[in-house]
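User: I am new to this structure. Please walk me through some of its contacts.

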Amino acid sequence: MSNKEVKAALKSARDAIRNKEYKEALKHCKAVLKQEKNNYNAWVFIGLAAAELEQPDQAKGAYKKAIELEPNQLLAWQGLANLYEKPNQIDVKGDLADVYQKLLELYESGDRQKWCDVCNKLVELYHQEKKYLEVAETWQKLIRMKQEEGAEKAELHQLWKKMIQLLKDSTRNQDNKTGQLLLTAFEHALNSADVVPGEDHQNLYKDFIQCLSKFPHEVARLEKACHDMMALYPTMSYPLEVLCLHFIHSGTFSEKALQCFSRLLEMDASSGPGIIGFGIKCLKEKKFKEAVKSLTEGLQKTNQCPEAWHYLAEAQMKIHKHRNAVLSCNQALEALGTPEGPNLRWKNLALQLKAETLIKIADADAAEEAIKALEQIVDASSDPVVSALRGQAYLNKGLMDQASKISQELLLSHPDLAEAHALEGFIHYSQKNYEQAEKSFLRAIEKKAGTAEYHQYLGLTYWFMSEETKKDKGKALTQFLKAAKLDSYLGSAFCYLGNYYRDIAGDKSRARGCYKKAFELDEMDEESGTAAVNLSVELGDMDTALSILNEVTGKARPGTAKWAWLHRGLYYLRTGQPSQAVSDLQAALRADPKDSNCWESLGEAYLNRGSYSTALKSFRKASELNPGLVYSIYRAAALEQILGKYENAIATYQQILKKTENYVPALKGLGECYLMLARSALDNYLDRK
């Protein structure tokens with residue numbers, strides 16, 4: 001076949017392809033290849049025809065042969081791109097990307113429009129594959145090309161915005177290079193905006209700041225962006241809110257951060273981040289109740305601040321609301337999810353705080369939960385404070401051997417750690433080894449003098465060690481006073497101060513003040529509440545006693561605060577107010593239906609009210625619960641006598657006299673009953689009866 005015939009055959013192949021006669025085209029190409037096996041056009045036409053005949057492998061082989069022959073010719077690369085773009089082609093995206101890259105190289109110095117089209121396709125391909133760095137770098141090339149062509153500012157602005165859109169999901173991967181390209185795109189988009197200030201520009205700025213907040217290392221850039229946006233949009237609270245959340249997240253409470261919180265609250269008094277910031281400020285200033293109030297309010301207004309739950313738990317723990325603090329720690333952990341990076345630190349802090357709080361609750365179930373929380377802390381084994389907490393949890397659970405083992409290991413590895421000596425002290429104290437406990441707590445205080453708990457336990461050690469140390473002002477009293485001074489919310493310290501002033505010093509007035517303070521701090525502390533009421537009564541201050549009882553009963557849920565209902569009921573009984581006494585004593589019995597003394601008092605209240613049948617039932621119930629209550633049995637008999645049930649009364653009086661034969665009220669009642677029966681017999685003419 002001559003050169004002229006080759007050209008004619010190729011022309012026939014081209015015409016056949018144009019007429020969709022692909023098999024005919026293949027015949028012509030094969031004829032050419034018999035003569036010229038390295039004919040570029042023939043291989044390209046075979047590729048094209050085979051692709052149309054659904055023979056992708058043959059098409060691919062033909063295109064690759066053509067590329068091998070002429071690597072810088074466009075036709076084969078275009079054909080291969082068209083082949084890979086077909087929907088039936090699977091697992092060719094990597095190869096297609098390589099083809100697009102080559103096409104970009106070939107179009108670069110020629111057809112700019114086609115270069116842009118291929119560039120768009122390549123970016124779309126990378127985006128599907130979530131190859132965000134390649135997306136960013138390729139799109140930047142497109143923008144550079146447009147800039148070289150002298151594109152308008154508005155067109156470039158749209159291109160930068162498109163780049164932001166393409167990369168918006170890349171922040172999840174935290175790839176630094178991609179992140180930098182995304183932030184650069186934001187800056188270019190902001191600088192190329194037409195209307196400044198304007199709504200689109202404002203929204204773009206918000207997105208930029210939101211994006212910056214996801215990059216922990218871009219603090220300076222975030223702060224600058226927030227300040228720049230505030231300068232442009234002074235009435236918008238958004239940049240200030242982001243800045244406040246950033247300060248909260250980073251744990252930074254510099255003067256600058258505090259100014260930011262104040263400024264935000266001035267602008268928007270209901271802003272969640274602003275109120276949270278104020279709450280944290282209160283926490284740092286040891287205004288714990290105000291901190292709890294503000295943090296609770298702030299968290300109701302924003303769900304973007306898991307760290308605030310941690311601060312709330314910390315404030316709740318400071319005022320010894322331990323169960324509330326555990327709930328707040330759980331909220332923090334739930335909000336943090338499965339964190340990485342800086343959030344992992346917050347998770348560890350929340351777990352540690354949760355464990356500390358559960359240990360303060362001091363029961364076996366809480367101890368078990370504390371152990372589980374400590375096990376979840378990353379690198380917990382290398383932290384001696386966490387080990388000391390684990391030791392305390394084991395001690396609360398009754399696992400003395402494990403607690404002792406941790407204590408011994410810590411004392412050897414960290415002899416200067418206050419928590420190690422405190423743990424040893426807690427173990428000795430629980431075993432009533434008070435002399436050894438004293439030494440351990442003194443060493444703990446030497447290492448960390450500002451911990452109220454250590455002084456409190458040293459005071460308790462002296463209290464139970466001996467009568468001498470209990471009475472010694474320099475021992476128990478001094479330690480309880482130090483504990484109360486260091487932690488003004490430590491109710492148990494005030495309770496023991498009350499015990500000291502009442503039982504040792506004989507100062508009822510001061511004792512009552514301490515009990516009242518202890519009870520105000522912990523309304524579940526029945527011992528302090530009861531003591532405050534009793535001392536008020538002894539001091540003749542019924543107003544104070546009643547105010548305490550009224551406050552408790554006013555807040556009490558049904559079936560709770562038995563002591564307060566009982567005390568107030570007895571007060572009403574003593575002061576001749578039987579109806580109120582009945583009501584309060586019934587409430588006390590709802591809390592404890594098996595209290596025989598309470599039933600006896602209720603019977604007395606009914607009796608005073610004139611409700612004899614119900615009084616009889618109450619006295620009978622009291623004697624059923626406690627057969628040793630002679631008074632209740634006597635009162636039941638007396639009521640049977642009043643109600644004219646003389647034979648029943650006689651039987652009950654005789655029951656009393658079997659146990660206590662000289663019980664005068666029963667003898668008197670028995671005689672009266674016999675007399676009443678005799679009178680009844682005479683009235684009925686039954687003389688011999």
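User: Which residues in α2 meet which residues in α3?

Analyst: This is a predicted model, where local features need pLDDT of at least 70, side-chain atom pairs count only at pLDDT 80 or more, and totals for chains, interfaces and linings use all residues. Residues are numbered from 1 along each chain as its sequence is written, and side-chain values use heavy atoms, leaving out hydrogens and water. Contact means heavy atoms within 4.5 Å. On that basis, Tyr 22, Ala 25, Leu 26, Cys 29, Val 32 and Leu 33 in α2 meet Ala 42, Trp 43, Phe 45, Ile 46, Ala 49 and Glu 52 in α3.

User: How are α2 and α3 oriented to each other?

Analyst: Helices are DSSP runs (H or I, at least four residues), numbered from the N terminus. The axes, lines fitted to C-alpha atoms over the stretch in contact, are compared by N-to-C direction, from 0 to 180 degrees. Those of α2 (residues 22–35) and α3 (residues 40–52) come within 9 Å and cross at roughly 155°. Angles over 145 degrees count as roughly antiparallel, so α2 and α3 are roughly antiparallel.

User: What kind of ring pair do Phe 288 and Tyr 489 form?

Analyst: Rings of Phe, Tyr and Trp (its six-membered ring) pair if their centres lie within 6.5 Å; planes under 30 degrees apart count as stacked, over 60 as edge-to-face and the rest as tilted. Here the centres are 5.9 Å apart and the planes at 65°, so the pair is edge-to-face.

User: Are Phe 288 and Tyr 489 buried or exposed?

Analyst: Buried means under 20% relative accessible area, exposed over 50%, with a 1.4 Å probe and protein chains only. Phe 288 and Tyr 489 are both buried.

Key: Helices (H or I, at least four residues) and strands (E, at least two) are DSSP runs, numbered from the N terminus. Angles under 35 degrees count as roughly parallel, over 145 as roughly antiparallel, 65 to 115 as roughly perpendicular and the rest as oblique.
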